[in-house]
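Hi,

Here is the structure I said I'd pass on. Have a look at it first, and my notes follow below.

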Amino acid sequence: MERYDLVVIGGGIQGAGIARDAALRGLRTILFEKGDLAGGTSGRTSRLVHGGIRYLENLRLGLVHEALAERALLLRLAPHLVRPLPFLLPYYKKSSRPRWYVGAGLLLYGGLGGGAVGSLSARRALELEPKLPREGLQGAGRFGDAQMNDTRLCLENALDAAALGAEIHTHHEVVAIERGAEGCGIRVRARDRLAAEVATLEVEAAAVVNAAGPWADRVRERAGVKRAKSVRGSRGVHVIVPALTRDHALVLTARHDRRVFFVIPQANGSLVGTTEAEFEGDPDECAVTVSDVRYLLDEVRWRWPGVVQFPEHVRHAYAGVRPLVRARGSLRATTRESRILEERGVFTVIGGKYTTYRATAERVLDALLRSLHKTARPCATRERPLPGAGAGVREQAAQLARDRALELAHVGNHDASRMGARYGGLAAGAMLLAEQFPAVHDRAGVRVLEGEVVYAIRHEMARRLDDIVFRRLGLGDERVGARQAAVPISQWMARHLGWSMARTREEVERVERQIDVEDKVITGAMQR
């Protein structure tokens, strides 16, 4: 039986970050994820790396300060995946957050490390964002945060962990966690969910980190922990609609419940969200709901009449479960800080923000090493860039890809720019495969190169069709185009992975079912 220093359970951002930190410290590490990397909450976020200006109302000053410090690190260590984003916080007559209140909050945010802040007149705000709702507008606060590619940020943490020697096993579900005899550590058994026959992998480790997010209590039960639940689930829903702003994100207040929500510019429109609702069910069953999508669309249609009139105007809707620390009181007041539980050699991570994943991983490894009385190299994640990073990497990678594309009749400048933005300094490798495998799909606003699919299979641990459609390539943001792209991508995958016709058909049907659910909910939300 193979022995490791550490088993990490969960391939979201927390698990991937912990595995990377552990590998950097020289610990022999193995990670199990029952689905795909970023296949749960970490791939269904607001796509922001931010301090959390709304947390100031609950006086979470320490959390905001830490998040702002981590934002600065990520802008430096992953510039191809995290980029600055300007925000406007407009204030209106009869608003529950008047001008002086907004101004005071922004000054505090800037003082905690948020950078330059300012106040704009209504006229200046409209010059910057002409589509900003005008009625009652008195002005706007201005500040900066950052935007990320959440799935690829998680992926690159896992890829770097693997490059450092960690073993990453996706689509492996942990089915048993057993304490061995004295001094023998903890035995973990995982089942390969994609194997044609029952296939399990059993390992032994000095410690286990449970970073399963919303599934953390399920893992605790399998470890024999019988204590009270630790996770409070909060369902958050987002929608992508046609562009509502020029290049600024907006912080707005919902009419119905005074909750803060965002309007965030995307390449194909605006991301609007998030909702917040108690979720007690199976995280595997979390999906968008008619009521949550309607809540967001009502806010959009009230402020921007005529923008969203038909279901096809809603390009994407998705839901995730935030794994908050279980506590009494309202969800809005529940802390976003992380908590580490140590139970019989299993360290469970609860809560936390995507933005602070690196700091959380550092705390987890420090606590684990203290508990095991083990020495290791110091944490190095403050200094080591992610694989596709580097100075000016977005621009350099895009230019390299464009130069290479000039030699390829089937690759254009748009492809090159897109690949440079997606892969950063790794774009040359993806472009090389695009040269070797020249097939192209280009329909319904979605363009995919076969070389990108091959790259995801060979270098990014993709094993299923939805791994590539929704996470490696992010095609789900255009659900109509994603449906049409599923078949050609599945055929390319079948060729390179040796799938049978039945397996290929099953993979396409799996993706189509996910899109069908989304279509049905969006159509229902549009009906009056």
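The lining of the second largest pocket splits into 17 nonpolar, 10 charged and 4 polar residues. Bear in mind that this is a predicted model. The pocket holds about 810 Å³ of space. Its lining counts 31 residues, and those closest to the centre are Pro-90, Tyr-91, Tyr-92, Ser-95 and Thr-253. If you want to find your way around it, α3 (99-114), β12 (249-253), α7 (290-303) and β4 each bring at least two residues to the lining. The biggest share comes from α3, with 7 residues.

I also went through the aromatic rings. A search of the whole structure turns up 6 aromatic pairs. One of them is Phe-87 with Phe-143, a stacked pair with 5.0 Å from centre to centre and 20° between the planes. This pair ties together distant parts of the chain: Phe-87 sits in strand β4 (residues 82-92) and Phe-143 in strand β6 (residues 137-148), 56 residues apart. Phe-87 and Phe-143 are both buried.

Then there is Tyr-423 with Tyr-455: the ring centres are 5.2 Å apart and the planes stand at 70°, so this pair is edge-to-face. Here too distant parts of the chain are linked, with Tyr-423 in helix α10 (residues 413-423) and Tyr-455 in helix α12 (residues 450-459), 32 residues apart. Both tyrosines, Tyr-423 and Tyr-455, are buried.

Cheers

Note on methods: Residues are numbered from 1 along each chain as its sequence is written. This is a predicted model: local features need pLDDT of at least 70, side-chain atom pairs count only at pLDDT 80 or more; totals for chains, interfaces and linings use all residues. Side-chain values use heavy atoms; hydrogens and water are left out. Rings of Phe, Tyr and Trp (its six-membered ring) pair if their centres lie within 6.5 Å; planes under 30 degrees apart count as stacked, over 60 as edge-to-face and the rest as tilted. Helices (H or I, at least four residues) and strands (E, at least two) are DSSP runs, numbered from the N terminus. Buried means under 20% relative accessible area, exposed over 50%, partly exposed in between (1.4 Å probe, protein chains only). On a 1 Å grid over the protein atoms alone, a cavity is a set of points where a 1.4 Å probe fits but cannot get out, and a pocket is an open set with protein on both sides within 12 Å along at least five of seven lines; lining residues have an atom within 4 Å of a point. Grid points are joined across faces, edges and corners, and a volume is the space filled by probe spheres set on the points. Ala, Val, Leu, Ile, Met, Phe, Trp, Tyr, Cys and Pro count as nonpolar, Asp, Glu, Lys and Arg as charged, and the others, Gly among them, as polar.
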